[in-house]
Amino acid sequence: MPLRLLLCLLCVCCGFDAAAGDLYTAINRSRAGEGNCDAAARLPALQPQAALERAAGDLARGGNLQQSLSAAGYRATRSRALSIKGDGVGAQAADILGKQSYCRQLQDAGMSDIGIYQDARQVWVVIAAPFAPAVDLSEQAAGRRVLDLVNQARATPRRCGDQLFNAAAPVRWNQVLAHSSQLHADDMARYNYFSHSGRDGSDPAQRVERAGYRYRATGENIAGGQLNPEAAVAGWIKSPSHCANLMNPSYTEMGVAFAVEPKSDMGVYWTQTFGTSR
């Protein structure tokens, strides 16, 4: 390759990189409340991610945001795309995105990552928060909260699908049932499955027996993806079969547990086990 052509190619590349770098800097200045964007607090800088840059490039070619993120291998809890189009916008992007009309979107405190694609006629900005499931309660606190919610539900007559249940007596906490629940929640999270049947073929009754609980009656509810006890219990109440378990007057005890695994499909897995001992 002739030296002159090589030098020109290098200059073009350097110019493009500098422009992209300037745009990342401009956006993070907006998050810090600089320029035309006022901010109540200085937000952390968005971190450039290659996967989001690939997603932004795909959007520039007509892609869909969620499909583009998936194709780029980025799993988001939340995401947003901004675009600017028109002749010469690539050179003006930093000034345009610094305007007040974009401030609120760029100052989303829940976002942490960013990817940008730009050419002479269009700019795409993708900002996102990576999938990071969490339950902001200890195991003990979550267990107590689920127990309270279950007993509140049992105190009121309700219909579960086609079955009508009278109010039922409250259930009490049982640590052996909680331990059995924890083992199944952990297994589902670790091995990325969602089922009442364990990987070893065990059913709920076999699991509580294995944990050391001698039962006259037992039943299990599972849930996936909920980030707090309220969402888990609400989901069980809406499901006829889970609701029937929750309202079953023959149960006197309960244990519940959750497990978190960001690499799994659902992120958070809950197991609730009811029982009546012999």
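Q: What makes strand 3 (residues 113–118) and strand 4 a pair?
A: They are joined by 6 bridges and run antiparallel. Two strands pair if DSSP finds at least two bridges between them, so strands 3 and 4 qualify. Strands here are DSSP runs (E, at least two residues), as helices are (H or I, at least four), numbered from the N terminus. The model is predicted: local features need pLDDT of at least 70, side-chain atom pairs count only at pLDDT 80 or more, and totals for chains, interfaces and linings use all residues. Residues are numbered from 1 along each chain as its sequence is written, and side-chain values use heavy atoms, with hydrogens and water left out.

Q: Which residue of strand 4 is the bridge partner of Gln 118?
A: Val 123. A hairpin links strands 3 and 4 through 3 residues.

Q: How do you know that strand 2 (residues 76–85) also pairs with strand 4?
A: There are 9 bridges between them, in antiparallel order.

Q: What radius of gyration does the chain have, against that of a compact globule?
A: The chain has 26 Å, but a compact globule of 278 residues would have near 19 Å. The radius is taken over C-alpha atoms, and the globule rule is 2.2 Å times the number of residues to the power 0.38. The C-alpha trace spans about 90 × 45 × 35 Å along its principal axes.
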